[in-house]
Amino acid sequence: GDILDDYLRTDGVWILTRNKQFYKTNNEKECAEKCEAERNFNCRAFLFTRKKLQCLTLAENAKMTVTFNSTEAVLYEKKIYLLQCKRGIGKDYRGMEAKTWRGIPCQKWAEKTPHNPNYTPEKHPNAGLEENYCRNPDGDENGPWCYTTDPATRFDYCNIPDCEGQVTHTGEGDCMQCNGEDYHGEVSRTESGLECQRWDAQEPHMHGFTSKHFPEKDLKMNYCRNPDGEPRPWCFTTSPTKRWEYCNIPSCTTHPQVSSLGSQCLSGKGEDYRGRIAITESGNACQHWNTQFPHRHGWIPDRYPCKGLEENYCRNPDGEKRPWCYTINNRVRWEYCAIPHCDGAEPGIAGMSNVPVQVPPSEECYRGKGQSYRGTTSITASGKKCQAWNSMFPHRHEKTPDRFPNADLRDNYCRNPDGDNSPWCFTTDPSVTWEYCNLERCDDHTQE
């Protein structure tokens, strides 16, 4: 598999760490290879910045230190160091439990008092014998253990829960179809073993995913769900240092019955459109979904098996107003397509029925910093498409309609909820979190 499969990725996060090494690399894979080969310390994570192509290997992960936002950075943490549970007998357990099942603190593996150890970091460099954490260097059938700080007890076992026991099985809801957007099971732990935060709670993480805003998404209790078209179900976690994480839900062996035809015309938003139109409404040919040129994007067909991302056909995988595609014109990132309406109306009219034909001039520019801007522009200065404010994909954020009720955070229109220099939006490009919008400032003398 891919070397990055062993890491948990979090966009837009930096962590404060003393023990680190700087490298110049071309991509995340090369950075992961540096982490695997690191000899200065035990590499638990790495940071990669796309703009500077800078790679930092780290001795700490987000569980062990302070995190803060950094737009350019991507944090990759080794999953094995995030697991708080054991798989099998726990030979690969690398969690931070440091007391026995009776509550006695563990002795450090490198120390010789009160007990002289047989198992030391020097003798077993690959057994993870750091600090005084519970480990299983000898493959003990009873699981992770440690030497104790009680002179009367040389060693004892630790109380580490089984990862397998943390998944609640509920019959047919156990597995997921496609990306798990219809998953209704009761798994409520993330893939690293963290407990999920309830969807109706705003602690420790504030968010906009409530039953009120997503009534059809079954956001019950703290069960893993996929309300926003992620590659698989996820949840906010109860750990203050980890905002969200994917859940480990197995794929169902049987696939849902999907009509090979799908819909050949536009009904609703056209999410079920499976026709073969591959040209935008202005005449630009569509880019193939499985290519990254001329526009890099995250809608990779293999990751979204049920979205119909075949060839370069117009599709609506993200709940947009109607089907669209990336274009082969490097100056136009994406555009809507003109799809004939199922009721027989002309595509040019039906396709644009929910979009104003001409936005009033006053809404094509902004005054001051643009906090009063209420236009419908949804394109950034570099031509990227805006992410909807109530969506958390591809970027998780806290600028939700709930938190900024007076900022008119409708659809994916450019806005300025936080007093920035001008209207902006999160982008649908996974590699660019946000950008200012393609808007000019009004001439205050002529504009009311």
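The legends below describe close-up views of a predicted model.

**View 1. The largest nonpolar core and the surroundings of C224.** This core has 17 residues, and W199, F209, C224, W234 and I249 are those with the most contacts inside it. Strand 8 (234-236) and strand 9 (244-246) each supply at least two residues of the core, and strand 8 gives the most, with 3 residues. Leaving aside neighbours within four places in sequence, the residues in contact with C224 include Y183, V187, C196, W234, C247 and I249. Apart from this core lies another, of 16 residues, among them L266, Y304, C325 and Y336.

**View 2. The buried lysine K385.** K385 lies in the loop between strand 12 (365-366) and strand 13 (424-426), and it counts as buried because its relative accessibility is 1%, where buried means under 20%. Not counting residues up to four places away in sequence, K385 touches several residues, including D318, E320, W324 and F426.

**View 3. The aromatic pair of Y7 and F46.** The ring centres of Y7 and F46 are 5.2 Å apart and their planes stand at 65°, so the pair is edge-to-face. Because Y7 lies in strand 1 (residues 7-15) and F46 in strand 3 (residues 45-49), the pair ties together parts that are 39 residues apart in sequence. Y7 is buried, with a relative accessible area of 4%, and F46 is also buried, at 0% relative accessibility.

**View 4. Charged ends over rings.** The charged end of R44 sits over the ring of Y81, 5.0 Å from the ring centre, while R322 lies over the face of Y336, at 4.2 Å from the ring centre.

Conventions: Residues are numbered from 1 along each chain as its sequence is written. This is a predicted model: local features need pLDDT of at least 70, side-chain atom pairs count only at pLDDT 80 or more; totals for chains, interfaces and linings use all residues. Side-chain values use heavy atoms; hydrogens and water are left out. A nonpolar core is a set of buried Ala, Val, Leu, Ile, Met, Phe, Trp, Tyr and Cys residues joined through side-chain atoms within 4.5 Å. Buried means under 20% relative accessible area, exposed over 50%, partly exposed in between (1.4 Å probe, protein chains only). Helices (H or I, at least four residues) and strands (E, at least two) are DSSP runs, numbered from the N terminus. Contact means heavy atoms within 4.5 Å. Rings of Phe, Tyr and Trp (its six-membered ring) pair if their centres lie within 6.5 Å; planes under 30 degrees apart count as stacked, over 60 as edge-to-face and the rest as tilted. A charge sits over a ring if NZ of Lys or CZ of Arg is within 6 Å of the ring centre and within 35 degrees of the ring normal.
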